[in-house]
Amino acid sequence: MVRAGRRKDIKTLAWISLIGVVVQAVIGGISVRLDLRWWSVAVHFLPSMVLVFVAAMLYMRIAEPDNEAPTRRYPSSAQTWTLIAAAALCIVLVTGTMVTGSGPHSGDAVAGMEGRLELDTRVLAYVHAACMYVYLIATIITTVLLRNSGAPEDAKRTSYVLIALILVQWAIGVIQFRMGVPRWTIPAHIAMSSTVVAFSAFLFAHGKRRLPTLV
Ligand code: HEM
């Protein structure tokens with residue numbers, strides 16, 4: 001991208017991705033050396049979500065021509081709601097790692113509860129789920145604003161897909177909570193976390209784009 005002489009914002013996103021992956025390799029190694037203590041796993045997991053966000057933004061921006069000016073595609077009130085949703089999603093992710101951290105060590109059956117987060121798992125799960133409802137409601141409000149303002153189809157479609165993905169993630173979370181975390185739900189819940197982060201980034205990115213001028 002540097003050699004192709006692309007514009008500054010996409011080069012910045014690409015550099016953050018590259019440096020982020022290297023930093024994550026180091027954090028991952030440290031986390032293993034710390035016997036996967038709950039907080040070290042969280043410190044490894046949360047930057048991964050930032051990197052997913054950055055990668056999704058890069059995916060959107062790289063396709064936009066460098067010589068066009070960015071134009072607003074939906075009202076700034078909808079963009080504000082995407083940011084409120086993103087803030088709620090950050091808290092959902094942080095509290096998710098705390099729910100996991102307050103339970104038994106999944107990678108070491110003999111480790112017991114030593115060094116685990118000493119907070120009530122049920123209460124943390126309720127806080128985690130409550131923040132998810134704020135995230136869902138903020139995304140629904142964004143979608144309504146997009147529909148009412150005649151926003152472009154691609155932005156509206158992204159918001160519908162995001163709502164569907166949040167509902168799938170909600171169902172997996174509830175199954176985990178009610179059925180004592182069946183093994184298959186853990187990778188599914190993590191994978192869906194990355195997916196909702198990516199679609200939240202797509203939705204935000206649709207707010208302002210550089211699009212080719214039609215002649
Ligand atoms: C957008 C919605 C949601 C997202 C993005 C999300 C994300 C996460 C994340 C990142 C973790 C930590 C995973 C780890 O560190 O290994 C987690 C754990 C957890 N979440 Fe969610 N979650 C969501 C909704 C829910 C809901 C609605 C519930 C239902 C109460 C729920 C229940 C749980 C439980 C029980 C755990 C702990 C699982 C374990 O012990 O490994 N989640 N969540």
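This is a predicted model: local features need pLDDT of at least 70, side-chain atom pairs count only at pLDDT 80 or more; totals for chains, interfaces and linings use all residues.
**Note on the ligand site**

1. A polar side-chain atom of H128 is placed 2.7 Å from a nitrogen atom of the ligand.

2. For H189, a polar side-chain atom lies 2.7 Å from a ligand nitrogen atom; for Q176, the corresponding distance to a nitrogen atom of the ligand is 3.4 Å.

3. The iron atom of the ligand has H128 and H189 as its protein donors, each through NE2, at 2.0 Å. H128 belongs to helix α4 and H189 to helix α6, so this pair ties together parts that are 61 residues apart in sequence.

4. The arrangement of donors around the iron atom of the ligand is octahedral, because the six donor atoms subtend angles of 84 to 180°. For six octahedral donors, the ideal angles at a metal are 90 or 180 degrees.

5. The ligand is surrounded by 21 residues, and the closest are G96, H128, M132, Q176 and H189. Sorted by class, this shell holds twelve nonpolar and nine polar residues, while charged residues are absent from it.

6. As to the space itself, the ligand takes up the largest pocket. In summary, H128 and H189 should be read both as donors of the iron atom and as members of the group of closest residues around the ligand.

Technical notes:
Residues are numbered from 1 along each chain as its sequence is written. Side-chain values use heavy atoms; hydrogens and water are left out. A residue is near a molecule or strand if one of its heavy atoms lies within 4 Å of it. A polar contact is a pair of N or O atoms within 3.5 Å; within protein, one must be able to donate a hydrogen and the other to accept it, and residues adjacent in sequence count only if both atoms are side-chain atoms. On a 1 Å grid over the protein atoms alone, a cavity is a set of points where a 1.4 Å probe fits but cannot get out, and a pocket is an open set with protein on both sides within 12 Å along at least five of seven lines; lining residues have an atom within 4 Å of a point. A molecule sits in a cavity or pocket if more than half of its atoms lie within 2 Å of its grid points. Ala, Val, Leu, Ile, Met, Phe, Trp, Tyr, Cys and Pro count as nonpolar, Asp, Glu, Lys and Arg as charged, and the others, Gly among them, as polar. Donors are N, O and S atoms within 2.8 Å of the metal (3.2 Å for Na, K and Ca); water is not among the atoms, so sites may look incomplete. Four donors count as tetrahedral if all angles lie between 85 and 135 degrees; four count as square planar and six as octahedral if opposite donors are over 155 degrees apart and all others between 65 and 115; anything else is irregular. Helices (H or I, at least four residues) and strands (E, at least two) are DSSP runs, numbered from the N terminus.
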